[in-house]
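Please examine the protein shown below, with attention to its backbone angles and its strand pairing.

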Amino acid sequence: MKAMLNDTVIAESNDTVVVEGNHYFPQSSLVREHFVESAHHTRCPWMGEASYYTVRVNGEDHANVAWYYPTPMKGAEAVSDRVAFWKNVKVVA
């Protein structure tokens, strides 16, 4: 699987976990040069607090298009050390 933003591969892995229709990529599969920590956080009732990354491609910032759970709640361990994407990030095989 590949996560693409504006024709740029930002993550690639054969080991994704699908939860609620979202592919969670291993942190190690990210092309780190594109990722910047964000101060944004949300809360999922069963997975816990999500942290976000802004993704920078070709000098353009795409705020909060990637999220992860630093400390997933019990029952959500499958997303530990993994990142998912939304908005204009396309996940393709």
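The paragraphs that follow treat a loop and then a strand with its partners.

This is a predicted model, in which local features need pLDDT of at least 70, side-chain atom pairs count only at pLDDT 80 or more, and totals for chains, interfaces and linings use all residues. Residues are numbered from 1 along each chain as its sequence is written, and side-chain values use heavy atoms, with hydrogens and water left out.

Helices (H or I, at least four residues) and strands (E, at least two) are DSSP runs, numbered from the N terminus. The loop between strand E1 (2-5) and strand E2 (8-12) contains Asn 6. Although Asn 6 is not a glycine, its phi is positive, at about 50°. Asp 7 is also found in the loop between E1 and E2, and its phi, near 65°, is likewise a positive value in a residue other than glycine.

Asn 6 counts as partly exposed because its relative accessibility is 43%. Asp 7, at 75% relative accessibility, therefore counts as exposed.

Strand E8 (residues 82-85) directs Arg 82 and Ala 84 one way and Val 83 and Phe 85 the other way, and all are buried. Two strands pair if DSSP finds at least two bridges between them. E8 pairs with strand E4 (residues 22-26) in the antiparallel sense over two bridges; Val 83 in E8 is the bridge partner of Phe 25. E8 also runs antiparallel to strand E7 (residues 60-68), to which three bridges join it. Here, Ala 84 in E8 is the bridge partner of Trp 67.

Terms used. Buried < 20%, exposed > 50% of the residue type's maximum accessible area, 1.4 Å probe, protein only.
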